[in-house]
Every structure is written in structure tokens, then in C-alpha cells.
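Please keep the sequence and the model in view while reading.

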Amino acid sequence: MSDNNSSTAKSYLDSAIAQGQSALGSLTGSSGDKTEAAARNDQAAAEKEASHTVGKLAQLNVSPSGGVSMDDPSRSEGSWNQTVGSAKESLGGLVGSEALKKEGSQQNAEGKGQEAQGQLSDFGSGVQDRVKGAAGGMVAGITGDREKEEEMRRIHDDAKTKQRSAEADIQKQAEA
């Protein structure tokens with residue numbers, strides 16, 4: 001929806017075109033087609049990367065398209081409970097208190113659940129609002145309502161930022 005050329009769909013289309021161009025270059029022996037295909041493929045990879053980039057400052061998320069979103073409060077509350085729980089576990093181990101270690105372990109586990117719940121909430125509402133923004137933008141474009149079309153683009157871009165932020169955090173945890 002946004003006009004900054006960082007669309008995932010556009011990156012896939014450019015990648016497919018590059019593959020076709022590369023195949024044509026191989027068939028015809030044209031080094032120009034092969035070079036052009038390589039450049040288009042690099043551009044597609046950059047577009048895809050840009051469409052998934054989200055800057056984060058505490059609970060605020062910003063994307064290259066100008067989308068802005070706030071994390072679900074459960075995400076930061078869960079992260080805080082994990083930190084406090086880990087500290088209690090460590091302190092319990094240091095002073096020899098099994099009760100404190102157990103309490104910390106339980107708080108840590110609850111925090112992980114809270115954070116995951118917030119991530120899923122952000123991901124789900126992001127997807128839902130992206131669809132709403134895309135569909136609303138198309139209708140507004142067809143009817144010629146430019147103000148509504150811009151509003152729907154903003155909803156789409158903000159929702160994309162929310163979704164991508166949740167995806168990035170989920171991916172980081174999966175890699176840890």
C-alpha cells in the first residue's frame with residue numbers, strides 16, 4: 001500500500017522477473033541480461049529487507065514506510081516479570097533459598113507467557129488491520145475518496161509495523 005518501494009509482494013515479483021531474465025540470458029548467452037537480472041535480484045532482496053525492518057525504542061515501533069505502533073502492554077510486562085524472576089532465581093541460588101528460586105522460576109515462566117500473549121495479540125491485530133487498510137484503501141481508490149484512501153494507507157502501514165515488530169521479537173526468541 002505504501003509508496004516507498006518496500007513491499008514484500010513487490011520484492012517477490014522483482015525476484016521472479018530477475019529469475020526469468022537470468023534464464024533468458026543463459027539461453028541467449030547475453031551477459032547484459034545476466035547482469036541486469038543480478039541487479040534486479042539484489043534490488044528485490046533489498047526491498048524485502050526494507051519491508052521487514054522495524055526500528056524499536058522501548059514500546060514504540062517505527063517502519064521505513066512511516067508506520068508507527070505501540071507494543072501490547074503484556075509484552076513489556078512479561079519481559080519485566082522474566083527479568084525479576086531471573087533475578088529472584090539467582091538471588092535464591094546465591095543465598096541458598098529454594099523457595100526464592102522456585103518463586104523466581106515461576107515468575108519467569110509467567111513472564112514468558114505474558115510476553116508471548118502480547119506478541120500474538122500484536123501479530124493478530126496487525127494482520128487484521130493490514131487487511132482492513134488494504135481493502136479500505138482499494139474501495140476509497142475506486143470511489144475517488146483520496147482522504148479516506150490516505151487514512152486507510154496509514155492504518156495499513158501502522159498495522160504492518162505492529163505485525164513486523166511482533167514477528168521480529170518472536171524470531172529473536174526462536175533463535176535464542
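## Salt bridges and their network

A salt bridge is counted here when a side-chain nitrogen of Lys or Arg lies within 4 Å of a carboxyl oxygen of Asp or Glu. The model is a predicted one, in which local features need pLDDT of at least 70 and side-chain atom pairs count only at pLDDT 80 or more, while totals for chains, interfaces and linings use all residues. Residues are numbered from 1 along each chain as its sequence is written, and side-chain values use heavy atoms, with hydrogens and water left out.

The structure holds 12 salt bridges, and a network of them links D71, R75, D122, D169 and K172.

## Pairs along helix α5

K172 and D169 are three residues apart in helix α5, about one helical turn; helices (H or I, at least four residues) and strands (E, at least two) are DSSP runs, numbered from the N terminus. D169 is buried at 13% relative accessible area, whereas K172 is exposed at 54% (buried is under 20%, exposed over 50%, partly exposed in between, with a 1.4 Å probe and protein chains only).

Helix α5 covers residues 146-175, and its E149 forms a salt bridge with R146, the closest N and O atoms being 2.5 Å apart. E149 is partly exposed at 26%, and R146 is exposed at 52%.

## M70 in strand β3

M70 belongs to strand β3 and is partly exposed, with a relative accessible area of 46%.
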